[in-house]
Each structure stands twice: as structure tokens, then as C-alpha cells.
Amino acid sequence: MQMGVLSELEPKSVFHYFEEITKIPHGSGNVERISDYLADFARRRGLFYVQDQWKNVIIVKEATPGYEKEPPVILQGHMDMVAVKKPDCDIDMKTEGLRVAVRGDEIRAEGTSLGGDDGIAVAYMLALLDSDSVRHPKLEMVITVDEEVGMDGARAIDLSLLTGSRMINLDSEDEGIFLTSCAGGARADCRLRLAVEEKKGMLVEMTLGGLQGGHSGGEIHRERGNSNCLMGRLLCNLTGKMPVRLCGLEGGLADNAIPRETKAEVLVETEDLELFREIAGGTAAELREELSEKDPGVCLQVKEKGLRQTACITPEDTGRAAAFLWALPNGVQAMSADMPGLVETSLNLGILKLNGIGSGRESADLQAGFSVRSSVESAKRALMEKLRAVTQLAGGETVFSGDYPGWKYRKDSPLREKMIAVYEKRYGHKPRVEAIHAGLECGILGSKIRDLDCVSMGPQMHQIHTTEETLSVSSARRVWEYLVELLETKDGL
Ligand SMILES: [Zn+2]
């Protein structure tokens, strides 16, 4: 057997399987080989397994002697990874393995993401399945596909064969923090049809940018500037004072990223140019002042591009679009009553686009794309209804997609209590018990498991989803030892 890069690391079995996984390309949407590897692993050991049509894999290992009466434990993680590489990296991540390296306490992959998220979960599960020394109750391993691109595997998987109701999700990346609740979410696509005309005037390009952005789950409570909303405010200020005609509008990259820059092109009548500059300059100064602490880089660039005859949105409909954009709710809507500092309900206007404008067209479509989140299902529904209501008032329509349920904090949780007790015994202090305002598969899977009692945990990783991703060797070892002790500890001891 060839020596692996990680073969000196302890626990040997965990790092052996982790390295095996890094040799198999397994970016989201490219999971066939890793899924077959897992199915093959189970088959060769005579373990009961299911590989479904989406390539999700469930593997079952019966209790070791003396543990037959203990409640079964579901272990869960995802087999896909975010596959990203540096521009100068020559690895084809669709067909080639990663170049894993160890530096000090950190494992990384040269030129690419590592996939510690969530490869380490799969490695733990394989090491447990392979072990004949760890004592444990019945284990039900659920390894999903395509978590990173909308949790498609978790949505599709059939869990009716599971007998357990206690689940440990291994998709967290902060050692010492147990997650006990996550937000549910949905995408909302609000669309307005706007009337187009041909007109001559000064074409002005306005770029509102310099903002910090961030993930709409993790950073929404910081109240950074959202360039799409702020552009709505600027357009609203302008259209209240003069006829303005929208020619183009584009901002943001994804519904779940707080947009950092939005560009608008407008046609302004030459006699209004003086006033236009005054209002734009005034709004820019207001924003700099208001955001001086929360998002100090905000800036507005205005470029007059010359007189043009062009297709544009009528002043009435530009005013309607501007009012719509500025009236739409955005940002934190409610904070949690159970967990201090946790956002309960929020939304992010991540994508803004004007589609289909051109000569000879009668209308164009304004598209505003939101990510809606809440850990309270009814609050999520109510916010979705609010978006629909505001869009309807403006004469538009809303389409929802990618709806997934949240994972509600469970006041009475035998699994959590046991995990805290074992943790405290090992480390002499309590773990942090937290909730996150982002999605985990636990919400979707929880809707398919009766009376689910779930905790999410994992070893320390940094910069996941980037080419700088690292996994801590010592943390991965501690979490493994903790997991083994947890499984070996019988209820009530
Ligand atoms: Zn993950």
C-alpha cells in the first residue's frame, strides 16, 4: 500500500478515509463516484445499505454486544463539497483528486478547497463502520448529496427505514459549539412589468458600491448597506423631483449574498441635470454619514455618458419601480426570544435586474430576488406574504422556490443533555449551545423523522468554501475521541 500524505496522523483510520475521499472528485453535482465508493464500502463489509436514485447513501451498522437496548443514533453529513480553485491551479476538479498537504496542525489542499466540509463527517462514519473496537448502539449513517447547492439530496431522500430519532449532524465547523436550531428559508422572485418608450436625453450611469457585503445568514445582523436597496432609495429621491427614465439596472450576485454594488443607467432631461447632480450628491452624502460606522466604504459614482436616443422605462413606471424597491422590506425583521443575539427572521434583496429592455419592445421586466430566513415557520410564511403584498401593490407578481423548513430549538432534548454531560466530563467545562440563522440539512431531514432530537457539531475548520480552507488535525482527533466516548456511554450513566 502506498503511503498517504496523512498516514502519520492520528487517529489513523479517520485520516486514512479522509485522504481516500480527497482522491475522489466530489464537487456538488459530481457525486456519482463518491457515492459508489460509499456503497461499495458497505457492500464489501456486508453492511445493510441503500443508494437511492439521487446517489444519497444510507448505511446501517447493528449495535455491538451489550448495546442492543440503547437508542439508535443517526449520524449525518453530506458527501459533496464546494469545489473551487485558484486561477493558476491546473487541477481539473471534475476528474482529478486534490493535492493534500499538512502544515503544522492544519490540513489544506494546494490550489483548491479541501472539502473538510463535509469530508471529515464521511471519514468519521467510515472509520466507525470499519472499527471492530468501538462499542456503540445501532448506527444509521445518512450521507446526502448536493447539500451545498440547495440541499437537494436531503429534500429527496426517503428516511422511512430509519429506526432512530436521535441524530448527530456532523456539518458544523466550530469545535466546542453545539448547534441546536437553524433557520428555514425560501427564495422569492418579485417581478414588475414596466412600460418602455424611446426618448432622447443625457445618459447617466450611477454605480453605488464600496460596500462590505457578506453572507445573508451570517452577517445580516450587522446592518451593512445593501446596494440594491440603497439604489432604490436614490432612484426614489430622484423620481420624486423630476422625470427620470431607467435604461438599465443590475446588482448582486446571489440571493443569499448581501449585494456590494449596484449599477443603474438612467436618461435625464438636460434641463434637469443640475438638480439631478444635486440630489445624487445629497443622497451620497447622507449614505456616507448614516453608514459611517456600519459600512464606511459606501460610495456613489456618477458618469454622464452623453446625449443618447434610446429605449427606456417611462418616467411613471420608473417612479413606480423606485417606490417598489424602496418600500420592500429588507434586513433583520425580528430577533429570537430564546437565544439572545440570534436573528429570528430576516430577508435580503440579493439580486436586482432589468430584463428585456430594447428598441421596439413595449415592456421590460424588473426582477428583485430575495432570500427569506426564519427559525419560526409561521414568521417565515408571514414575511413571504408581505413580499407578495408589496409586489402586488406595485402591480407585480411573486414566485417562491427552494422553500425549506427550519429546525426549531427543542426544550426537552435527551441527546443534547447527554452530549453536554459527556463533553463536561471530558473537558471540565460546558460546550457552547447555540443556534444559527442559516440553513442546515437538519431542518429538512427533521421533517422526515418522527420526534427528531438533533444536535449539530464538528471539528474546527477555517475559510470553508474557499481555496484557503483548512481542517485542524488536533481538533479532528479530539472530536473523534469525543464521538467515540459519546457512543460508548450508555443512557443514564
Ligand atoms: Zn457543509
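In strand β5, Val102 finds its bridge partner in Ile107. That bridge belongs to β4 (residues 100-103) and β5 (residues 106-109), which pair in the antiparallel sense over 4 bridges; pairing here takes at least two DSSP bridges between two strands. This is a predicted model, so local features need pLDDT of at least 70 and side-chain atom pairs count only at pLDDT 80 or more, while totals for chains, interfaces and linings use all residues. Residues are numbered from 1 along each chain as its sequence is written.

**The hairpin and its sheet**

- Between β4 and β5 the hairpin has 2 residues, and Gly104 takes a positive phi near 60° there.
- The strands are DSSP E runs of at least two residues, the helices are H or I runs of at least four, and both are numbered from the N terminus.
- On to the sheet: it is open, has 4 strands in the order β4-β5-β22-β21, and its pairing is antiparallel.
- β4 and β21 (461-462) are the edge strands, as each pairs on one side only.
- β5 is joined to β22 (residues 470-472) by 2 bridges, again antiparallel.
- Glu106 has Ser472 of β22 as its bridge partner.

**Two domains**

- The chain splits into domain 1 (12-182 + 407-488) and domain 2 (185-404), with bounds that come from an automatic or database domain assignment.
- Their centres, taken over C-alpha atoms, are 39 Å apart.
- Across the boundary, 12 residues of domain 1 are in contact with 13 residues of domain 2; contact means that the C-beta atoms, placed from the backbone, lie within 7 Å.
- On the domain 1 side, β8 (177-182) and α10 (441-446) each supply at least two of the touching residues.
- That side of domain 1 has 6 nonpolar, 5 polar and 1 charged residues. Nonpolar covers Ala, Val, Leu, Ile, Met, Phe, Trp, Tyr, Cys and Pro, charged covers Asp, Glu, Lys and Arg, and the others, Gly among them, are polar.

**Helix α9**

- α9 (residues 414-427) has 14 residues and reaches 20 Å from its first C-alpha to its last, close to the 20 Å expected at 1.5 Å a residue; the expected span is 1.5 Å times one less than the number of residues.
- Its buried residues are Leu415, Arg416, Lys418 and Met419. Buried means 20 or more other C-beta atoms within 10 Å of the residue's own, exposed means 12 or fewer, and partly exposed is in between, with C-beta atoms placed from the backbone.
- Seen down the axis, the buried residues of α9 fall within an arc of 165°, so they line one face of the helix; the arc is that of the directions from the helix axis to the C-beta atoms.
- They pack against β7 (166-169), β8, β20 (453-456) and α11 (473-488).
- Glu417, Glu424 and Lys425 are exposed on the other side of α9.
- Just after the helix, Gly428 has a positive phi of about 80°.

**Helix α8**

- α8 (residues 377-393) has 17 residues and reaches 25 Å from first C-alpha to last, close to the expected 24 Å.
- Buried here are Lys380, Leu383, Leu387 and Thr391.
- Down the axis of α8, these buried residues fall within an arc of 75°, so they line one face of the helix.
- Their cover includes β9 (184-209), β15 (331-335), β16 (343-355), β17 (363-374) and β18 (397-404).
- Turned away from the buried side of α8 are the exposed Ser378, Glu385, Ala389, Gln392 and Leu393.
- Gly395 follows α8, with a positive phi near 85°.

Notes:
Contact = placed C-beta atoms within 7 Å.
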